[in-house]
Amino acid sequence: MAKKRKNRTETGSEGDVLSHRLNRRDLVKTMTFAGGAIVFAGYGPSTYVVAQDQIKISQWYHQYGEEGTEQAVKRYAEEYTKQFPNVVVEVVWQPANYEAGVLPNALLTDKGPDVYESHLSVALVRAGQVEPLDDLYTEEVKADFNPVGLAANTVDGKLYGVKMIDDMGLLYYRKSMLAEKGVNPPTTMDEVIAAAKALDSGRVKGLFLGNDGGIDALHTIGPWSAGSDFVDPATNKMTFDNERTVLAYQKVKELNDSGALLIGAPTDWWDPSALNQGLAAMQWTGLWAMPGIIKALGDDFGVVPWPALDASGKPATFWAGWSEFVNPKGEHKQIQAAKDFVRWLWIERTDLQQDWALSYGFHVPPRKSAAASAEPLKSGPAAEAVTFLNEYGKVMPPQWTAAMDTILITHISNIVKNGADAAAEVTAAAQECQAELDKSLAA
């Protein structure tokens with residue numbers, strides 16, 4: 001989890017696949033628990049004999065960066081087998097190239113995972129690689145998830161996944177630096193620009209949004225803060241070709257032209273080093289960075305969501321994070337057992353959800369009750385962040401793909417870096433994204 005956290009469109013999760021068959025023996029390392037004991041550790045599928053009355057399911061994870069995450073998921077699997085001795089959970093920790101290669105390749109075969117983490121796409125649904133999970137969501141359970149978070153796992157009214165962690169972005173600022181210059185935390189885009197200029201001393205820049213000047217960080221948040229959105233999942237039509245989106249990107253260019261942005265930092269926006277090392281007075285980064293910022297700055301920082309574009313807009317942040325899915329074509333064809341495991345781990349066991357979100361990194365448990373009862377999120381900037389997520393969080397629907405993300409960023413870059421006409425670029429981006437969506441839906 002300690003790596004770049006983006007919204008779901010930035011993860012390469014559109015389900016693109018290669019035609020060749022996955023060789024798991026060469027690609028995965030597995031650890032299986034049976035009755036609470038490690039019974040296999042090595043490369044390729046386990047070779048031990050499963051008792052006739054035992055059910056085996058495999059669960060795949062991408063490789064998280066935080067120390068202790070791999071041990072945690074194996075411990076969860078072990079605990080499940082202790083509680084349900086007839087079920088063996090094989091945890092597969094994928095070392096690299098997960099969503100862009102290993103996982104989509106595996107889902108094309110009959111040796112794919114029974115349970116896997118990913119981000120939902122229309123392509124996964126159309127390919128029959130995700131099982132509907134509506135039966136896991138009672139009315140009470142569904143009410144305990146924010147509707148915005150649920151939307152990320154919904155296609156045509158059906159829920160296909162259960163969120164595992166929620167991530168978000170925040171505008172962090174150094175209280176002492178703003179106080180010295182008499183600057184208040186910004187509430188609109190014009191105030192962001194004015195604050196960045198006022199805080200820019202040359203040696204310390206006013207704001208860090210990434211080494212590309214915020215094109216990546218703000219490519220969705222800019223229009224969201226203007227009150228615009230990107231695609232209507234009910235009609236499958238692009239909705240961002242409008243004056244508000246154009247104005248949002250014009251303001252990103254104005255911010256870049258101000259000269260107050262830090263460009264060329266040692267790390268990008270997802271890492272808090274620029275703020276921690278005093279290279280900039282404000283920085284956009286993720287909630288995951290808060291522990292490191294507290295360690296470096298103590299209480300000399302505050303947080304706000306990305307400010308509204310103007311009085312007609314609204315603050316915004318991305319609503320990201322991984323979800324758990326069930327593969328109806330998984331290797332062991334144990335769909336009900338896989339669903340029961342997902343229900344147990346990511347719906348019923350709020351204690352494990354809190355452990356997963358907060359013991360290794362710093363994230364929000366997706367169930368509202370689990371987030372509300374988590375001690376690290378009850379006070380201070382962390383509690384503010386949870387409020388911002390629930391009030392201002394936005395998510396791209398499963399219709400949006402990484403290819404569309406690339407199209408959009410290319411056109412924004414042309415506006416910000418090359419001075420291209422913003423209205424023309426937004427129109428072109430919308431047309432190209434619509435063509436991409438139409439192609440995806442026709443596949």
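The buried residues of helix H18 pack against helix H9 (215-218), strand S12 (237-238), helix H11 (243-257) and helix H19 (422-442). The model in which this packing is seen is a predicted one. The residues of H18 that are buried are Ala 402, Met 404, Asp 405, Ile 407, Leu 408, His 411, Ile 412, Ile 415 and Val 416. Just after H18 comes Gly 419, which takes a positive phi of about 70 degrees.

The protein chain as a whole contains 19 helices and 17 strands, and buried residues account for 58% of its 443 residues. Of the contacts in the protein chain between residues at least 6 apart in sequence, 75% join residues that are at least 24 apart.

Four of the strands form an open sheet of mixed pairing, in the order S10-S13-S9-S14. Its edges are strand S10 (205-208) and strand S14 (302-304), each of which pairs on one side only. On average, and with direction ignored, neighbouring strands of this sheet are turned by 20 degrees against each other. In general, the strands of a sheet pair through backbone hydrogen bonds, in either a parallel or an antiparallel manner. Strand S10 and strand S13 (residues 280-286) pair in the parallel sense over three bridges, and the bridge partner of Leu 207 in S13 is Met 282. Helix H17 (residues 380-392) packs on the sheet, where it touches strand S9 (169-173) and S14, and the direction of H17 makes about 0 degrees with that of S14.

A further helix, H13 (residues 290-297), has Met 290, Ile 293 and Leu 297 among its residues, and these three are buried. Because they cover an arc of only 60 degrees around the axis, they lie on the same side of H13. Helix H13 is followed by Gly 298, whose phi is positive, near 65 degrees.

Nonpolar side chains tend to be buried together in soluble globular proteins. In this model the largest nonpolar core has 136 residues, and those with the most contacts inside it are Tyr 61, Phe 240, Trp 356 and Trp 400. Helix H14 (residues 335-348) gives the most to this core, contributing eight residues. Another core, of five residues, lies apart from it and includes Leu 262, Ala 265, Ala 274 and Ala 280.

Asn 97, which is not a glycine, has a positive phi of about 55 degrees, and its place is in the loop between strand S4 (87-94) and helix H3 (98-107). Asn 236, likewise not a glycine, has a positive phi of about 60 degrees and is placed in the loop between strand S11 (231-232) and S12. With a relative accessible area of 19%, Asn 236 counts as buried, since the cut-off for that class is under 20%.

Definitions and conventions:
Residues numbered from 1 in each chain as written. Predicted model: local features only at pLDDT ≥ 70, side-chain atom pairs only at ≥ 80, totals over all residues. Heavy atoms only, no water. Buried < 20%, exposed > 50% of the residue type's maximum accessible area, 1.4 Å probe, protein only. Helix = DSSP H or I, 4+ residues; strand = E, 2+ residues; numbered from the N terminus. Contact = heavy atoms within 4.5 Å. Pairing = 2+ DSSP bridges. Axes fitted to C-alpha atoms, helices over the stretch in contact; angles between N-to-C directions. Arc of directions from axis to C-beta. Core = buried A, V, L, I, M, F, W, Y, C linked by side-chain atoms within 4.5 Å.
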